[in-house]
Amino acid sequence: MTRTLNNCPAPAKLNLFLHVTGRRPDGYHLLQTVFQLIDYSDQLHFEVRDDGIIRRTTVIPGVPEESDLIVRAAKLLQSAIAAKTGAAAMAASPIPGANIAIDKKLPMGGGLGGGSSDAATTLMALNHLWQGGLSRAELMALGLRLGADVPFFLFGRNAFAEGVGEALQALDTTACWFVIIEPGVAIPTEKIFSSSELTRDTKPVKMTDFSIGTKKLFGRNDLEVVAAKQFPEVADVIKWLKTYGDARMTGSGACVFCAFAQEDQADEVLKLVPQRWKAWKAKAMQQHPLADLLDS
Ligand SMILES: C[C@@](CO)(OP(=O)(O)O)[C@H](O)COP(=O)(O)OP(=O)(O)OC[C@H]1O[C@@H](n2ccc(N)nc2=O)[C@H](O)[C@@H]1O
Ligand SMILES: Nc1ncnc2c1ncn2[C@@H]1O[C@H](COP(=O)(O)OP(=O)(O)O)[C@@H](O)[C@H]1O
């Protein structure tokens with residue numbers, strides 16, 4: 001059995017548009033969105049343990065080990081493998097554990113799906129290392145129990161998403177570069193979804209209505225107006241970046257992005273970003289870098 005998997009990327013996503021079309025009886029919101037993978041990632045490192053214990057070996061300020069989505073994903077996978085394997089087989093060959101280290105680069109509460117992507121990478125890597133044998137569909141169902149964004153990262157492709165984000169259809173998006181600006185605030189997703197000012201009745205669109213382009217983005221992000229009102233820093237960044245293109249917030253915020261056809265256009269804008277904001281460029285990706293791990 002392979003014992004280690006190092007440098008496993010957990011890439012960020014952008015929501016190229018995000019419409020809130022309704023609300024389920026349990027309070028979760030029905031969405032339509034396009035998820036875009038970008039080449040800006042956390043990196044995770046896995047080492048198998050024989051004693052069944054799951055340990056996060058990196059400290060993430062503000063995220064205790066037991067509530068980290070990485071640790072929760074690993075424990076959920078252990079239970080799912082145990083349920084699938086059966087008691088007799090388990091007694092003969094118990095499910096291993098893992099030490100998991102992370103180089104955290106994605107800002108928390110940034111709308112880039114960092115925690116969800118970390119969880120998805122953990123499910124893919126440990127299913128492989130532990131020879132769990134769970135299919136992509138089984139992992140996606142597990143992932144949904146951890147967060148609405150997790151199934152997308154396991155899906156492995158850019159996607160048009162409906163439901164709470166779990167009903168996914170593959171979609172090819174335009175090759176482009178994004179400038180992404182972090183306004184310096186962390187926005188809890190729940191705070192935006194629970195706002196009385198959120199509109200929840202955007203008319204549903206069809207996947208074929210989604211048009212791809214770097215000049216004008218399709219639709220809008222319904223969460224943006226709420227986040228910009230509650231967090232003026234977000235409004236400031238949107239206003240600044242709109243000078244250079246069609247700027248938009250991703251997810252429930254706080255990060256704001258703008259697409260450019262050429263890398264040098266992104267570089268030019270990056271040079272002009274005021275020092276008070278952290279900014280970087282990222283390339284649009286068509287595939288999750290670990291997609292083949294699940295296919296094999
Ligand atoms: C808004 C989006 C868009 O991609 O991304 P982020 O900005 O968080 O990255 C997602 O829908 C977020 O997904 P995720 O971050 O996994 O959210 P979860 O942990 O499942 O939910 C956090 C809280 O947000 C609310 N929530 C989330 C998703 C949804 N469709 N409706 C909701 O009302 C619920 O109150 C829930 O308790
Ligand atoms: N591995 C993790 N990385 C980041 N956040 C995590 C992780 N595990 C749990 N969390 C929690 O999830 C929250 C949302 O983080 P994140 O997914 O990065 O942002 P967003 O949902 O805005 O994309 C964090 O504030 C943190 O409390």
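1. Helices (H or I, at least four residues) and strands (E, at least two) are DSSP runs, numbered from the N terminus. This is a predicted model: local features need pLDDT of at least 70, side-chain atom pairs count only at pLDDT 80 or more, and totals for chains, interfaces and linings use all residues. Residues are numbered from 1 along each chain as its sequence is written, while chains are lettered from A and ligands numbered from 1 in written order.

2. The ligand site. Ligand 1 has 20 residues around it, counted when the C-beta atom, placed from the backbone, lies within 6 Å. The closest are His-29, Gly-147, Phe-193, Gly-251 and Ser-252. Strand E1 (4–23), strand E2 (29–49) and helix H6 (189–193) each supply at least two shell residues.

3. The shell around ligand 1 has six nonpolar, twelve polar and two charged residues. Nonpolar means Ala, Val, Leu, Ile, Met, Phe, Trp, Tyr, Cys and Pro; charged means Asp, Glu, Lys and Arg; the others, Gly among them, are polar.

4. Domains. Domain 1 (4–170) and domain 2 (177–285) both give residues to the shell, so ligand 1 lies between them. The bounds come from an automatic or database domain assignment. Their centres, taken over C-alpha atoms, are separated by 24 Å.

5. The domain interface. Here 28 residues of domain 1 are in contact with 34 of domain 2 (C-beta atoms, placed from the backbone, within 7 Å). On the domain 1 side, E1 gives the most, with eleven residues. That side divides into 14 nonpolar, twelve polar and two charged residues.

Terms used. Contact = placed C-beta atoms within 7 Å.
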